[in-house]
Protein chains: 2
Amino acid sequence: MVDTSPGTPANLSPRARARVQTMRDIVRIGREHLATEGAAALSLRAVARDLGLVSSAVYRYVASRDELLTLLVVDGYDELGDAVDAALEPLDRDDHVGRVVAIARATRAWALAEPATYALLFGSPVPGYEAPAEQTTGPGTRVVGRLVEVWEDAWQAGAISLDEAPLVPRRLSRDLARIRKQVGITAPDRLVARGLFAWAALFGCVSFEVFGQYGANTFGDPRDLFEQHVAALVEAVGLEAGARLVTRGGRPSR
Amino acid sequence: MVDTSPGTPANLSPRARARVQTMRDIVRIGREHLATEGAAALSLRAVARDLGLVSSAVYRYVASRDELLTLLVVDGYDELGDAVDAALEPLDRDDHVGRVVAIARATRAWALAEPATYALLFGSPVPGYEAPAEQTTGPGTRVVGRLVEVWEDAWQAGAISLDEAPLVPRRLSRDLARIRKQVGITAPDRLVARGLFAWAALFGCVSFEVFGQYGANTFGDPRDLFEQHVAALVEAVGLEAGARLVTRGGRPSR
DNA sequence: CAAAAACAAGAGCAGTGCTCACATTTGGCA
DNA sequence: TGCCAAATGTGAGCACTGCTCTTGTTTTTG
């Protein structure tokens, strides 16, 4: 990644160019510190030092430590979203299982590569900081948005088995109807609820691994276990059973 | 809660009695601060202030901030374990689904009641702090231990439907065999893997709710959604809800 | 070219974890 | 019972943090 500005408009005053460059450097150095020290230990002063500035100067660019966190949050969401999109790109639209698996693997891979940023996005909220919804909800919903697309496609294609029992409480049904309207999905309540479950379960599995809940040295290669989990997840949402993954989409064994 | 020591041995010198009392106060105040400020903002100085001591005096009792965190971690694990045990207590041993549901509900309820402690246990690791395994693994495995008990009981009772496909990689199978040996379980690989999935999925659901990933005001009563998730979880692990699902390998209709 | 805006520097405030020298209180033992 | 040592509390101090404010410099702009 070259840091001198592909994408920097050339018709800017030198000062303005320097400003966007400094902003980029701040985010870059912030990400480095995030990766090495963690979110709670992220220090504006240290970023300023690495930038060759005095601590107060960095406040010309970033209003507060929380604002820097917000920058890093949207940066992280974007990167995760890009990773998932890239993994989805070569897949056929009707390969529903393959798409779910790809989303899961890409999410896990990115989380393991950027554990600190993952923790910032999906871990404990950092105390005293609340991500401003207007900036973070957009990029923050890209992954679940992709999942929803798969559910919808699979539902339209009749590739989801679902029991007919209408045992969703009316109260929840109303909420789900609102969601359905917002994201434009036609699948029924049960499927939306299952999709949300799959979403939460996926991040539970990834979090356990990233946050070390399984304990160190418990599994020789945690990927094996994750693949089992993904199979269970695919099955749980009503897509073609994990066992048939082998014959169907050609389960890429690695 | 009376803070004068039920359980404090009476045959102690006044000084020793005062010491255990001070230790208790430190943990209590630490938990309060944890709840209000969060783990990363937990300050030994503030604890000392609330205790009426000068900051350095508290180091006579707790070697460092990390050690206080460890105290709070085992305290939290113990409380969660007690909550789960209490929820399990009135249930019949052969009510497998009921026990799983009880574990899930108790976990969620405790997490929502003590979000900061939950975050300390299951959220992002706090930077620079590593929980010492010798003190935390014991109480930290109580909940999953209860889940394992249910799987095992259900398996012994033939109440778990499982497809026979032996598609667990050998490498993973070795790891699972070791776990099986450690915790004394006879259920096959697939079930152990599914159990781990259910564990991770449960904490994914709880984390999403506690950490606010669903967004505010998305659901009128998140409990409804959680119940759906628990149902999906029970189904995912192959447990039978009631007497219905006796058909092996058949798509579980419920 | 001068006014205005942007930028950088440095001092300062209140807070943090933690250490150390010092004073006081307490407990076990001769 | 007296005494010495251990346990406990104090306050100063170091290096760090986020953040504000004043001062001086540089660049853009009217």
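Which residues are the closest to DNA strand D, and how many surround it? Residues are numbered from 1 along each chain as its sequence is written, while chains are lettered from A and ligands numbered from 1 in the order in which they are written. As this is a predicted model, local features need pLDDT of at least 70 and side-chain atom pairs count only at pLDDT 80 or more, whereas totals for chains, interfaces and linings use all residues.

**View 1. The surface near DNA strand D.** DNA strand D is surrounded by 20 residues, and the closest are Ser43(A), Arg45(A), Ser56(A), Arg65(A) and Ser56(B). A residue counts as near a strand if its C-beta atom, placed from the backbone, lies within 6 Å of it. At least two residues each come from helix H1 (14-37), helix H2 (44-51) and helix H3 (65-88) of chain A, and from helix H1 (14-37) of chain B. Helices (H or I, at least four residues) and strands (E, at least two) are DSSP runs, numbered from the N terminus. H2(A) gives the most to this surface, with three residues. Sorted by class, the surface near DNA strand D holds seven nonpolar, six polar and seven charged residues. Here Ala, Val, Leu, Ile, Met, Phe, Trp, Tyr, Cys and Pro are nonpolar, Asp, Glu, Lys and Arg are charged, and the others, Gly among them, are polar.

**View 2. The surface near DNA strand C.** Two or more residues are given by each of H1 of chain A and H1, helix H2 (44-51) and helix H3 (65-88) of chain B. H2(B) gives the most to the surface near DNA strand C, with three residues. The classes there are seven nonpolar, six polar and seven charged residues.

**View 3. The contact of chain A with chain B.** Chain A brings 47 residues to this contact and chain B brings 48 residues. Two residues are in contact if their C-beta atoms, placed from the backbone, lie within 7 Å. On the side of chain A that touches chain B, two or more residues come from each of helix H5 (115-122), helix H8 (170-183), helix H9 (189-210) and helix H10 (222-236). H9(A) gives the most to that side, with 11 residues. By class, the side of chain A that touches chain B has 26 nonpolar, 13 polar and eight charged residues. What relates the copies? Chain A superposes on chain B by a rotation of 180° with 0.0 Å of shift along its axis (RMSD 0.1 Å), which is the relation of a two-fold axis. Copies are superposed by least squares on the C-alpha atoms of residues with pLDDT of at least 70 in both. Of the interface residues of chain A, 94% are also interface residues in chain B, so the copies meet through the same surface.

**View 4. H9(A) packed with H10(A).** The two helices pack at an angle of about 170°, with their axes 10 Å apart. Axes are lines fitted to C-alpha atoms, for helices over the stretch in contact, and angles run from 0 to 180 degrees between N-to-C directions. H9(A) and H10(A) are therefore roughly antiparallel to each other (angles over 145 degrees count as such). From H9(A), residues including Phe197(A), Ala201(A) and Leu202(A) take part, and from H10(A), residues including Phe226(A) and Leu233(A). Nine nonpolar, one polar and two charged residues make up this contact.

**View 5. Leu68(A) and Leu120(A) inside chain A.** Chain A has 10 helices and zero strands, and 43% of its 254 residues count as buried. Leu68(A) lies in helix H3 of chain A and counts as buried because it has 23 C-beta neighbours inside 10 Å. A residue is buried if 20 or more other C-beta atoms, placed from the backbone, lie within 10 Å of its own, exposed if 12 or fewer, and partly exposed in between. Leu68(A) touches Ile26(A), Gly30(A), Leu44(A) and Val62(A), not counting residues up to four places away in sequence. Leu120(A), in helix H5 of chain A, is also buried, with 27 C-beta neighbours inside 10 Å. Beyond four places in sequence, Leu120(A) is in contact with Leu34(A), Ala39(A), Leu72(A), Val73(A) and Gly76(A).

Notes. Parallel < 35°, antiparallel > 145°, perpendicular 65-115°, else oblique.
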